[in-house]
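Trainee: I am new to this one. Could you walk me through it, one question at a time?

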Amino acid sequence: MKKLGLFFTFLTLCSGSSALAQAYTDLNQNGKKDVYEDLMASMADRVDDLLSRLTLEQKVSLVVGMGMRIPGMFNMEIPEKVAGAAGNTFPIPSLGLASAILSDGPAGLRIDPVRDSTSGKTYYCTAFPIESMLSSTWNTDLVQEVGKAFGEEMRDYGVDVLLAPAMNIHRNPLNGRNFEYYSEDPLLSGKMSAAMVKGVQSQGVGTSVKHFVANNQETNRMTVNTVLSQRALREIYLRGFEITVREAQPWTIMSSYNKINGIYTSQNPDLLQTILRDEWGFEGLVMTDWFGGDNAVAQMQASNDLLMPGTPPQREAILQAVQDGSLSVAVLDANVKRVLTLVLRSPSFGRPPYSDNPDLAAHAQITRRAGGEGVVLLKNDQALPLGDDQKRLAAFGIGSYEFVAGGTGSGDVNEKYTVSLVEGLENTGRPVVGTLQSMYEYYIQAEKAKQPKRRFFFEMLPPLPEMPVETNLANRMAQSTDAALITIGRNSGEGQDRNVEGDFNLTAAELEMIRTVSEAYHAAEKKVIVILNIGNVIETASWRDQVDGILLAWQGGQEGGNIVADALMGKVNPSGKLPTTFPVNYGDVSSANHFPGVELPGEEQVLIPGILSGKPAEVVYEEGIYVGYRYYEAFQKPVSYPFGFGLSYTTFELSGLNISSAKWIDGLTVSVTVTNTGTVPGKEVVQLYLGAPGKSMDKPVKELKGFVKTKMLNPGEQETVQIKLSGRDLTSYDTKRSAWVAEAGRYEVLVGNCSDAARLTLPFMVDHEMIVEKVHDVMAPDRKISEMKPHK
């Protein structure tokens, strides 16, 4: 009673609400708590009690959000509790029911950093490494630790639900939001997402795993109809979400903008009820993506509980549908109960006031450590780490001075600072040559002055053109410095996909810079290292042989420059592995010929020009299950850098592969010993792939089924790791039987440190076909899809 009284007093003081004051007075006069206020009662009883007190209008309001603020475009229906948050649920002050606060995003909390310019108080958040970089760690414990830091900032800034993690598959490298997503592989995606969810939710706040599902492009993202087979949907696009739900139970799931096989995901009960809830056991709430779908009543009927950000017309449509009988009260009540559950478990209900003072310094250190494990060393011809005698460094490329912390849109963060490469090097006591730095800074300032002003936070300005590097300049630098660093930078974000030319492929100026600098430094017998400050895959095959080292730095958040400097100097031994394949050229990608689909007749829908808009469109996933390494290996396509690849400053040996049985009996345990055979400490990633018989249906050559990252191994030190296989790991989805089926026959365990270097192998037998799980025959396409099949 006392705690609840303090809570009401706090809310009353903050809001000045007479209704809240009256609610507290009534509570005191009654002398007892209502059931929904009793934290000792079961959540089901609390929700039922609260539901019984609601009017129809209040129920309808609870399933529709309170709008969002975009200056000049949209406004909130209530005052913002946390400025810059993406949305709020409907409050009912008379019942002490506050709004739950929802905020982006995948690389850090996104709220307004300055609210009152006269107070001096700031609300900066930590910009963590992008998800592609976190998945490059292959370290679920570390990702869970990052999630915990996320959750601490949410708790301290008064945010209840993080609109993340995002976990759509890297189907095509031109997707503008791949930086927000983990991998081309559903197992790696699912394990990373589950770790993030566990970390965030350990702090008593929630997550919204997104975008559910097959939302793999930004072009016409609000209108596109994704046409794909049930097998591809189940094995590639749903599987990561399934792992996350079963292992971590996120508080919420966010449905995606697109249609699947003709029906908007937010309006599809087969997806949101049958698969998500009935098959997987999801217990939480489903919300729409912002302004997603086109029928509020259909969304209610599909078990899409909360419409975000929410509009008055949606409220009116739902109320009318209940009143005319086209939407049952029972369906509405089921949705409302899930919203009430979310609100009652949120910090906004019945918790002490938040501090607005998170430990940003500690979180910066976590960022630096996580980024250090996510850096991927792609090439090293005795170029790294830099030696003590390489003190004079030349930094070429505008990216060396304008480091990209992360992508744009809802994946952006308002961080206090971003450490550039040159700042990171200076922090290690290796400042770059000042004359070259001055040239770049002058050039960057002049080019920025030519750019248009950003109209809203979603908008991505065109990239600055690379500064030409003349031969004379390169020669002078080669004579006066000990090594050359070249940074290639890329950015992308919400609302638009990338281009092949000048984005996936390097520009002519970038290629000329690499050639000119490399020739000058090699003539002086000095090394050239390229740093890739990118959020998405780029072409490397045409220029990689010209340089001595390539360090994939991804977008490391606010500590990006320090992270790279740590790796360059050997303070951190790179242990990252690629979560997605780098193809030789874009034409080698399995979806290249049908991305992003075709536009259909009809009018364009526009909410925010270029961001929330789209023409009627359709994309057919003709590649089926052959995405990423599954395609390159099955179709024998050479790649630039394979899935799971990453070098180290030391060497490792994998030996002693063992499986618990040569015959399948309710599971297997695989063990292998990792030895550091080099001269410096390091970590290695053990990757377990499985090859299946492939007699009754097409199968990839092999699929990732488990992974373990070792501890830090000193030179000569060993560690034996174990990975368990379950029956589900053996299966593929049999469309004819709507079941996950493991064939009888010979399976092969393949273990290594990369998808194309899984050289330790052992077989085991499955004597009889196993139907591991029967599911529902839902979400079939309305046509036959001519899917790719490898030649046998």
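This is a predicted model: local features need pLDDT of at least 70, side-chain atom pairs count only at pLDDT 80 or more; totals for chains, interfaces and linings use all residues.

Trainee: How many bridges join strand β27 to β30?

Mentor: Strand β27 covers residues 739-742. β27 and β30 run antiparallel. The number of bridges joining them is four.

Trainee: Which helix packs on the sheet, touching β26 and β27?

Mentor: The helix covers residues 230-237. Its direction makes about 155 degrees with that of β26. The helix is α8.

Trainee: What is the order of the open sheet of three strands?

Mentor: The pairing is antiparallel. β26 (732-734) and β30 (770-774) are the edge strands, and each pairs on one side only. From one strand to the next, the twist averages 40 degrees. The order is β26-β27-β30.

Trainee: Which residue is the bridge partner of L688 in β24?

Mentor: Strand β23 spans residues 685-691. β23 and β24 pair in the antiparallel sense over six bridges. In β24, the partner of L688 is G706.

Trainee: Is strand β12 mostly covered or mostly uncovered?

Mentor: β12 spans residues 483-489. Six of its seven residues are buried. So the cut-off matters here: buried means under 20% relative accessible area. By that count β12 is mostly covered.

Trainee: On to the helices. Against which elements do the buried residues of α3 pack?

Mentor: Helix α3 covers residues 43-51. Its buried residues are R46, V47, D49, L50 and L51. They pack against α4 (56-62) and α13 (329-345).

Trainee: At what angle do α3 and α13 pack?

Mentor: Their axes are 9 Å apart. α3 passes α13 in a right-handed crossing. The angle is about 115 degrees.

Trainee: How do the residues of the contact of α3 with α13 divide?

Mentor: From α3, the residues are M43, R46, V47, D48, L50 and L51. They meet D333, V336, K337, L340, T341, L344 and R345 in α13. The division is seven nonpolar, one polar and five charged.

Trainee: What about Q267: is Q267 buried or exposed?

Mentor: Q267 is found in the loop between β8 (263-264) and α10 (269-279). Its relative accessible area is 13%. Buried means under 20%, so Q267 is buried.

Trainee: Which residue's backbone nitrogen lies 2.7 Å from a polar atom of the side chain of Q267?

Mentor: Contacts of Q267 beyond four places in sequence include G293 and A298. The Q267 side chain also reaches the backbone nitrogen of N295, at 2.9 Å. The nitrogen at 2.7 Å belongs to D294.

Trainee: Which residue does a cis peptide bond join to F595?

Mentor: Omega of this bond is about 0 degrees. The residue asked for lies in the loop between β15 (582-583) and β16 (598-599). It is P596.

Trainee: What is phi of S303?

Mentor: S303 lies in the loop between α11 (296-301) and α12 (312-324). S303 counts as buried, at 9% relative accessibility. S303 is not a glycine, yet its phi is positive, at about 70 degrees.

Conventions
Residues are numbered from 1 along each chain as its sequence is written. Side-chain values use heavy atoms; hydrogens and water are left out. Two strands pair if DSSP finds at least two bridges between them. Helices (H or I, at least four residues) and strands (E, at least two) are DSSP runs, numbered from the N terminus. Buried means under 20% relative accessible area, exposed over 50%, partly exposed in between (1.4 Å probe, protein chains only). Contact means heavy atoms within 4.5 Å. Axes are lines fitted to C-alpha atoms, for helices over the stretch in contact, and angles run from 0 to 180 degrees between N-to-C directions. A crossing is left-handed if the near helix is turned anticlockwise from the far one by less than a right angle, and right-handed if clockwise. Ala, Val, Leu, Ile, Met, Phe, Trp, Tyr, Cys and Pro count as nonpolar, Asp, Glu, Lys and Arg as charged, and the others, Gly among them, as polar. A polar contact is a pair of N or O atoms within 3.5 Å; within protein, one must be able to donate a hydrogen and the other to accept it, and residues adjacent in sequence count only if both atoms are side-chain atoms.
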